[in-house]
Amino acid sequence: MIAELLALAALTWQDPSGDAHGAGDLVPPTAEVYSSLAPFDLVQASVLDDALLVVEVRLAGIPDPGGLPNGLTLPVVDVYLDTGEGGREALLLGSDMAMPAGRGWELALRVHGDDAYLVDAGDPDGRPRPVAVTRRGDALRLETGLARPEEIRDLHALTGVYDPFRSDGWRPLAATPSPWAFSSETPAPPVVDLLADDDAAQRDALRAFTLPTRTTRSGSVPWLVLMLAGLGVAIVGLSLIHI
């Protein structure tokens, strides 16, 4: 019971469901495999309360028609952690996005069906480090093997279409409707969804090619304290009954 409650002590960022449409004007791929946009629809991202850095990303659905090694076929998912002063503003190649003005990332994770890795902005060689992926229903558990940072100022996550023929894994937008790519008549990043407070914030961020700042982070530690306190009261009450 206690272990289950401790598992809830995480930093969590929520995202509205049903907004896997970029800035609102993306045309989905016409191939049948993309008939559902659930694999691109971010729902939640969490940094779990663990001695090691474990990130969990929840999507609206994770079908795996291709049977790829990591248990997902269609999306590529990026996660960026801001853990201190400074950091890198430019994101990894692929999404064409940047960090909010004056903010930077220290750790970046990328996962798709064939690979998962972490990049440390402080590593002068920029060498990707392998990340272990476990799919649990519609959630991806990403185990980095690194110590959990003492401070996590912010987390950003974004999704796109996985392209196994590109080194960065991100499929660019098409100029006209396509069976295999989202398309847009106006300049836009190839991002289908990202963590944002609401749809308006998502649209503004994508039109500016810059990740948003958000207010919907929630730490579950206060709820954990309340639950543990309630459990303690119940135990004391039961002990008094039997005296």
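This is a predicted model: local features need pLDDT of at least 70, side-chain atom pairs count only at pLDDT 80 or more; totals for chains, interfaces and linings use all residues.
Tyr34, Phe40, Trp180 and Phe182 come together in one aromatic cluster. The chain has 243 residues, and 47% of them are buried. It contains three helices and twelve strands.

**The aromatic cluster**

- Across the whole structure, a search finds four aromatic pairs.
- In the pair made by tyrosine 34 and phenylalanine 40, the ring centres are 6.3 Å apart and the planes meet at 25 degrees, so this pair counts as stacked.
- Both tyrosine 34 and phenylalanine 40 are buried.

**The chain as a whole**

- Take the contacts between residues at least 6 apart in sequence: 65% of them join residues at least 24 apart.

**The open sheet**

- Six strands make an open sheet with antiparallel pairing, and their order is S7-S6-S5-S4-S10-S11.
- At the edges sit strand S7 (129-130) and strand S11 (193-194), each of which pairs on one side only.
- As a general point, strands of a sheet pair through backbone hydrogen bonds, either parallel or antiparallel.
- Two bridges connect S11 with strand S10 (residues 154-161), and these strands are antiparallel.
- To find this pairing on screen, look for threonine 159, whose bridge partner in S11 is aspartate 193.

- Strand S8 (residues 132-136) and strand S9 (residues 139-147) run antiparallel and are joined by five bridges.
- Threonine 134 has arginine 141 in S9 as its bridge partner.
- Two residues lie between the strands of this hairpin, and glycine 137 has a positive phi near 65 degrees.

**Nonpolar cores**

- The largest nonpolar core has 27 residues, and the members that touch the most others are Val47, Val79, Leu142 and Leu155.
- At least two residues of this core come from each of the strands S1 (11-14), S2 (42-47), S3 (52-59), S4, S5, S6 (115-120), S9 and S10.
- S3 gives the largest share, with four residues.
- Setting aside residues up to four places away in sequence, leucine 142 touches Leu53, Val54, Val55, Leu109, Val111, Val131, Ala132 and Val133.
- There is also a second, separate core of 19 residues, and Met99, Tyr117, Val191 and Leu194 are among them.

- Valine 77 is found in strand S4, and its relative accessibility of 1% makes it buried.
- Beyond residues up to four places away in sequence, valine 77 touches Val57, Leu109, Arg110, Val111, Leu158 and Thr159.
- From valine 77 to alanine 116 is 39 residues in sequence, and their C-alpha atoms are 9.4 Å apart in space.
- Serine 95 belongs to the loop between strand S4 (75-82) and strand S5 (107-112).
- With a relative accessibility of 0%, serine 95 is buried too.
- Apart from neighbours within four places in sequence, serine 95 is in contact with Leu158, Trp170, Pro189, Pro190 and Val191.

**Salt bridges**

- The structure has eleven salt bridges.
- One of them joins the side chains of arginine 103 and aspartate 82, at 2.8 Å from N to O.
- Arginine 103 is in the loop between S4 and S5 while aspartate 82 is in strand S4, so this pair ties together parts that are 21 residues apart in sequence.
- Arginine 103 is partly exposed at 28% relative accessible area, whereas aspartate 82 is buried at 2%.
- In another salt bridge, the side chains of arginine 153 and glutamate 151 meet at 3.3 Å, N to O.
- Arginine 153 is partly exposed, with 28% relative accessibility, and glutamate 151 is partly exposed with 41% relative accessible area.
- Glu151 and Arg153 also belong to a network of salt bridges that includes Glu85.
- Arginine 203 and aspartate 199 form a salt bridge as well, with their closest N and O atoms 2.5 Å apart.
- These two residues, arginine 203 and aspartate 199, sit four residues apart in helix H2 (residues 199-207), about one turn of the helix.
- Arginine 203 is partly exposed at 26% relative accessibility, and aspartate 199 is partly exposed at 24%.

How values were computed:
Residues are numbered from 1 along each chain as its sequence is written. Side-chain values use heavy atoms; hydrogens and water are left out. Two strands pair if DSSP finds at least two bridges between them. Buried means under 20% relative accessible area, exposed over 50%, partly exposed in between (1.4 Å probe, protein chains only). Contact means heavy atoms within 4.5 Å. Rings of Phe, Tyr and Trp (its six-membered ring) pair if their centres lie within 6.5 Å; planes under 30 degrees apart count as stacked, over 60 as edge-to-face and the rest as tilted. A nonpolar core is a set of buried Ala, Val, Leu, Ile, Met, Phe, Trp, Tyr and Cys residues joined through side-chain atoms within 4.5 Å. A salt bridge is a side-chain nitrogen of Lys or Arg within 4 Å of a carboxyl oxygen of Asp or Glu.
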